[in-house]
Amino acid sequence: SSDFPWRRIGRNLILQNKNNSRNIIISMRTPHFHAKSKGVRPQPWRDASARDIYKIIQATNQLKTEEKIFCFTNRKVWETIQKIGESFEKIIFVDESNTDILDLINEDSLVINNGNGIAGALQSLGIKTLYLHHTEWLFWCTGHSNSLAYPRVYNYLDSYKNDLEEIIKLAFLPENIP
């Protein structure tokens, strides 16, 4: 709610002439968006699975309100989500490959996200953002101290240590982050 000139200018640019109907945007980072990007290395410890996104969809489907609920992901992930279960009557699929998330955002949006980019930018503009993280790595390096964390099972690690000292050491050795 603080007033900064850059925030006011940014909000005016992004939110001008938008419908202010309430909406929820599920925009979880998956490995698919940056899979062919040479500039972004894989970060599997940050990625949500189709099953993770499906659980969020199930939770938002329980809302007894009139919000529009958008699932901002790619077609491959969406097809996988649809195979997991049912109950998509309230969900509007938006393909991240050809839509800018800023086109969906309005002043009364709530964004559910697990990454730095989209959620960090929107939170800085004063857009309501719910961070869902499944790893401790993100708490120390970003402004995500207001996030909710859900447990992640590291099946592919032989020696994962849930020790604060080890976590901080790993934070400075990106090649070693699981």
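In this predicted model, the largest nonpolar core comprises 19 residues, and those with the most contacts inside it are Ile26, Met28, Ile53, Ile57, Trp78 and Ile81. At least two residues of this core come from each of strand E1 (23-27), helix H2 (50-61), strand E2 (68-73), helix H3 (75-84) and strand E3 (91-95). Helix H2 gives the most to this core, with 5 residues. Ile53 touches Ile26, Met28, Thr30, Ala48, Cys71, Val77 and Ile81, residues up to four places away in sequence not being counted. Another core, of 13 residues, lies apart from the largest one and includes Ile14, Ile101, Val111 and Leu125. In soluble globular proteins, nonpolar side chains tend to be buried together.

Two further residues are set side by side below.

| Residue | Place | Relative accessible area |

The side chain of Asn106 reaches the backbone nitrogen of Asp108 at 2.8 Å. Beyond residues up to four places away in sequence, Asn106 touches Leu15, Lys18, Asn19, Asn20, Ser21, Asn23 and Ile127.

Neighbours within four places in sequence aside, Arg75 is in contact with Phe93 and Asp95. Arg75 and Phe93 are 18 residues apart along the chain, and their C-alpha atoms are separated by 8.6 Å.

Notes: Residues numbered from 1 in each chain as written. Predicted model: local features only at pLDDT ≥ 70, side-chain atom pairs only at ≥ 80, totals over all residues. Heavy atoms only, no water. Core = buried A, V, L, I, M, F, W, Y, C linked by side-chain atoms within 4.5 Å. Buried < 20%, exposed > 50% of the residue type's maximum accessible area, 1.4 Å probe, protein only. Helix = DSSP H or I, 4+ residues; strand = E, 2+ residues; numbered from the N terminus. Contact = heavy atoms within 4.5 Å. Polar contact = N/O pair within 3.5 Å; in protein donor to acceptor, adjacent residues only side chain to side chain.
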